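Dear colleague,

I am handing over the structure we spoke about, and below it you will find my notes on what was found. Please read them alongside the coordinates.

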Amino acid sequence: MATLVTGGAGYIGSHTTVALHDAGRDVVILDDFSNASRRAIDAMRSLTRADLVVVEGDAGDPDVLDAVFGGHRIDSVVHFAARKSVAESISDPLGYYRSNLGSVISLAAAAIDRGVRRLVFSSSATVYGSASALPVTEDSPTVPESPYGETKLMGERILADAAAASDLTAVMLRYFNPVGAHPSGLIGEDPSTEPANLVPRIMQVAAGRRDRLDVFGADYSTVDGTAVRDYVHVMDLAEGHVAALDTETAPVSSRVYNLGTGSGTTVLQVLAAASEVLGTRIPYEMADRRPGDIEASWADCTRARDELGWQARRVLAQMLADHWNFARKHPES
Ligand code: WQD
């Protein structure tokens, strides 16, 4: 039996595929390569098995799903495939609702029809919006501030309702800020589009592909005026998905978990850590706040620790070293 990983050629999907292999699971990847490079496939085959099954197609297309479930013995699903740009979702909300929710509905229907009992859903801390109290728990108010965040929250609710009405169990994982790469440096964050996120941009500055980093906002009520986030190693996240596939959730048919480190780091602290780890100064300038950014967010991961037996193990310096180890080997990323 195999685990179907939609979006399996993407950043978190590729790392999760490797973690699933290392945990002894067979994997079938489904990806339309809209935001993933085919370069990842060869690297993933070298980290898992040469005959790793990769199907190119849209996870929201019922015919594609029919062929995948008909051609392979799938007993569980991890669903990553989604459009994930906050800014793009604001300019194309209908495209985001159609794509992200369409794939959740089609995939859940296909999985239930085929008797799949476990589906793990890639959700996001973005569902919390400008989190009220910190640290954020799974019971904190969910007030998304973008159509992208809405699609993640609605996706959770769709899956919870589908699970309650079937034999499917749905486990939703709300990631905070994923960074880092597999220690081999063979896979990492390799988006098809220009990165908007902090760490990939720091790596571009270090690689001489960007003159400087603009620090978006120096007037937040934080220790140094810059915004706080909970950065978590992508390999820790990947291992969280393996734990989510195995966990027992009864008597409930669906369950939400935060995956983070439980600690917050400011932009300037990330910059200082990156300079230290990379052994080079990272030129930066203070700039205005980025519209839509929140001041601070970090996770309470007690539930994942107690119920999944999962805790983030890798520290920020390791995240940055691993991210750089991939970025410097892949200047095109
Ligand atoms: C982190 C901090 C920026 C770039 C986003 C998505 C979220 C999730 C993770 C999918 C912020 C600051 C950034 C730069 C900067 N993705 N920054 N200069 O915005 O917390 O979360 O990625 O689920 O949904 O919203 O991550 O890395 O973009 O920003 O100062 O050039 O770095 O203002 O404070 P973010 P980020």
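Which residues are buried in helix 6? Before the answer, please keep in mind that this is a predicted model. In helix 6, the buried residues are Pro-147, Tyr-148, Gly-149, Thr-151, Lys-152, Leu-153, Gly-155, Glu-156, Leu-159, Ala-162 and Ala-163. The cover over these buried residues includes helix 4 (86-91) and helix 5, together with strand 5 (118-124), strand 6 (169-175) and strand 11 (254-259). Helix 6 itself spans residues 147-164, and its 18 residues reach 25 Å from the first C-alpha to the last, which is close to the 26 Å expected at 1.5 Å a residue.

Helix 2 (residues 39-47) has Ala-40, Ile-41, Ala-43, Met-44 and Leu-47 as its buried residues. Seen down the axis of helix 2, these buried residues fall within an arc of 165°, and they therefore line one face of the helix. On the face turned away from that buried side, helix 2 carries the exposed residues Asp-42 and Ser-46, while the cover over its buried residues includes helix 1 (11-22), strand 2 (26-31) and strand 3 (53-56).

The loop between strand 2 and helix 2 holds Phe-33, whose phi is near 60°, a positive value in a residue other than glycine. For context, most residues other than glycine have a negative phi, and most peptide bonds are trans. Phe-33 is buried, since its relative accessible area is 11% and the cut-off for buried is under 20%.

Two cis peptide bonds are also worth a look in the model. One of them joins Leu-134 and Pro-135, with omega at about 0°, and Pro-135 has its place in the loop between strand 5 and helix 6. The other runs from Ala-250 to Pro-251, with omega near 10°, and Pro-251 is found in the loop between helix 8 (234-246) and strand 11.

As for helix packing, helix 3 (residues 62-71) and helix 5 (residues 93-113) pack at an angle of about 35°, with their axes 10 Å apart, and helix 3 passes helix 5 in a right-handed crossing. Helix 3 contributes Pro-62, Leu-65 and Phe-69 to the contact, and helix 5 contributes Ser-106, Leu-107, Ala-110 and Ala-111. By class, this contact of helix 3 with helix 5 has six nonpolar residues, one polar residue and no charged residues.

Two single residues complete these notes. Gln-204, found in helix 7 (residues 198-206), is buried, with a relative accessible area of 4%. Leaving aside residues up to four places away in sequence, Gln-204 touches Glu-194, Pro-195, Arg-209 and Arg-210. Gln-204 and Trp-324 are 120 residues apart in sequence, and their C-alpha atoms are 9.5 Å apart in space.

Thr-265 lies in strand 12 (residues 265-266) and counts as buried, at 14% relative accessibility. With residues up to four places away in sequence again left out, Thr-265 touches Ala-227, Val-228, Arg-229, Tyr-231, Val-270 and Leu-316. Thr-265 and Thr-280 are 15 residues apart along the chain, and a distance of 20 Å separates their C-alpha atoms.

With kind regards

Terms used: Residues are numbered from 1 along each chain as its sequence is written. This is a predicted model: local features need pLDDT of at least 70, side-chain atom pairs count only at pLDDT 80 or more; totals for chains, interfaces and linings use all residues. Side-chain values use heavy atoms; hydrogens and water are left out. Buried means under 20% relative accessible area, exposed over 50%, partly exposed in between (1.4 Å probe, protein chains only). Helices (H or I, at least four residues) and strands (E, at least two) are DSSP runs, numbered from the N terminus. The arc is that of the directions from the helix axis to the C-beta atoms. Contact means heavy atoms within 4.5 Å. Axes are lines fitted to C-alpha atoms, for helices over the stretch in contact, and angles run from 0 to 180 degrees between N-to-C directions. A crossing is left-handed if the near helix is turned anticlockwise from the far one by less than a right angle, and right-handed if clockwise. Ala, Val, Leu, Ile, Met, Phe, Trp, Tyr, Cys and Pro count as nonpolar, Asp, Glu, Lys and Arg as charged, and the others, Gly among them, as polar. The expected span of a helix is 1.5 Å times one less than its number of residues.
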